Amino acid sequence: MPFGKDVKASVHSKRFQTKFRRRREHKTDYRARRRMIQQPNDSYGKLKYRMVVRISNYKVICQIVTAHIGGDKTHCAAESLELVNYGVKVGLTNYSAAYLTGLLCARRMLKMKGKDSVEGQKEPDGSIQEFDEAGFTVNLDIGLSRATLGAKVFAVMKGASDGGLHIPHNGRRFPGYDPSTKKNDQDVLRDHIMGAHVANYMRILEEEDEEAYQKQFSRFIKANIGPDDIEPMYTKAMQLIRKNPDHIPAPKKVYNRLPKMPKMTLEQKKAAREARKRALEEELDALPERPVEESEDEEMEEE
């Protein structure tokens with residue numbers, strides 16, 4: 001039997017398997033995602049809500065998301081940039097802003113579900129509690145963020161939990177937790193929620209280095225916010241969020257564009273062409289006549 005040519009490519013026998021695109025881009029941890037969206041056999045088809053928290057250098061994002069075959073669906077979202085509508089104009093990425101973003105997302109979601117009568121923890125005191133009055137459970141999704149002690153993603157979770165959502169958690173990642181005694185210091189956690197740690201740092205920096213204080217807290221100074229104004233600012237914001245958590249759309253930008261000229265008919269185009277032609281002829285007629293100069297050839301003939 002003659003030898004035949006192998007039509008299979010070299011890739012056919014290799015064991016390498018290409019990873020998912022979002023895994024290659026270092027955006028999704030599919031091992032953690034699979035565990036969060038996996039449904040039990042006895043309640044197949046029941047939606048499992050995730051509270052997706054992402055923090056950038058610019059803002060804090062909190063979303064309530066469910067997974068579907070066609071893609072994830074976002075039911076509710078809140079950003080720390082919206083805190084400007086509630087009186088918080090500076091420090092939109094600190095621990096207190098992250099807490100308020102979670103609180104805003106929780107109150108907005110409960111209002112959408114018609115369960116805004118559930119109050120949760122109205123005045124944060126630093127205690128670790130879970131509220132299951134609304135019967136609405138969500139799981140925290142921190143993505144690729146590090147689950148370190150004092151991370152701001154858990155501040156968002158704390159704000160959503162105090163807002164009335166049921167989020168299974170413990171206090172091992174909150175500020176004030178002591179790993180040796182395995183206990184939480186409620187006063188430390190409350191100070192971080194109300195911004196007391198920022199106020200204390202402002203006072204220390206103002207006394208030790210005035211130039212660094214002017215540089216680091218320039219936006220606070222421009223907004224006329226001092227160390228004694230931080231806690232009242234956050235307290236008022238919490239009250240306003242609970243009073244009206246609805247999204248306020250930003251005003252649309254109006255651009256001054258030139259009006260479009262109406263289209264010309266064929267007769268108008270011909271008339272305009274004739275007008276331009278006549279104007280050009282009039283300009284040419286108005287020009288003075290130049291004297292004709294004798295050429296060198298004619299001068300040679302005369303000689």
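Q: Angles of 65 to 115 degrees count as roughly perpendicular, those under 35 as roughly parallel, those over 145 as roughly antiparallel, and the rest as oblique. Why are α3 and α5 called roughly perpendicular to each other?
A: This is a predicted model, where local features need pLDDT of at least 70 and side-chain atom pairs pLDDT 80 or more, while totals for chains, interfaces and linings use all residues. Residues are numbered from 1 along each chain as its sequence is written, and side-chain values use heavy atoms, without hydrogens or water. The axes of helix α3 (residues 95–112) and helix α5 (residues 186–194) cross at roughly 85° and come within 6 Å. The α3/α5 pair therefore counts as roughly perpendicular. Axes here are lines fitted to C-alpha atoms over the stretch in contact, with angles from 0 to 180 degrees between N-to-C directions. Helices are DSSP runs of H or I with at least four residues, strands are E runs of at least two, and both are numbered from the N terminus.

Q: How do you know that α3 and α5 meet?
A: Contact takes heavy atoms within 4.5 Å. Tyr95, Ser96 and Tyr99 of α3 meet Leu189, His192, Ile193 and Met194 of α5. That contact has five nonpolar, two polar and no charged residues. Nonpolar covers Ala, Val, Leu, Ile, Met, Phe, Trp, Tyr, Cys and Pro; charged covers Asp, Glu, Lys and Arg; the others, Gly among them, are polar.

Q: What makes α5 and α9 roughly perpendicular too?
A: The axes of α5 and helix α9 (residues 230–243) cross at roughly 80° and come within 9 Å, so this pair is roughly perpendicular as well. From α5, Arg190, Ile193 and Met194 meet Ile230, Glu231, Tyr234, Thr235 and Met238 of α9. By class, that's five nonpolar, one polar and two charged residues.

Q: Why do aspartate 141 and arginine 54 count as a salt bridge?
A: The rule wants a side-chain nitrogen of Lys or Arg within 4 Å of a carboxyl oxygen of Asp or Glu. The N to O distance for aspartate 141 and arginine 54 is 3.9 Å, so the pair passes. Aspartate 141 sits in strand β4 and arginine 54 in strand β1, 87 residues apart. The rule gives twelve salt bridges.

Q: What makes something a pocket, and what lines the largest pocket?
A: On a 1 Å grid over the protein atoms alone, a pocket is an open set of points where a 1.4 Å probe fits, with protein on both sides within 12 Å along at least five of seven lines; lining residues have an atom within 4 Å of a point. The largest has a volume of about 580 Å³, the space filled by probe spheres set on points joined across faces, edges and corners. Its 25 lining residues include Met36, Leu140, Asp141, Ile142 and Gly143, the closest to its centre. β4 gives the most to this lining, four residues.
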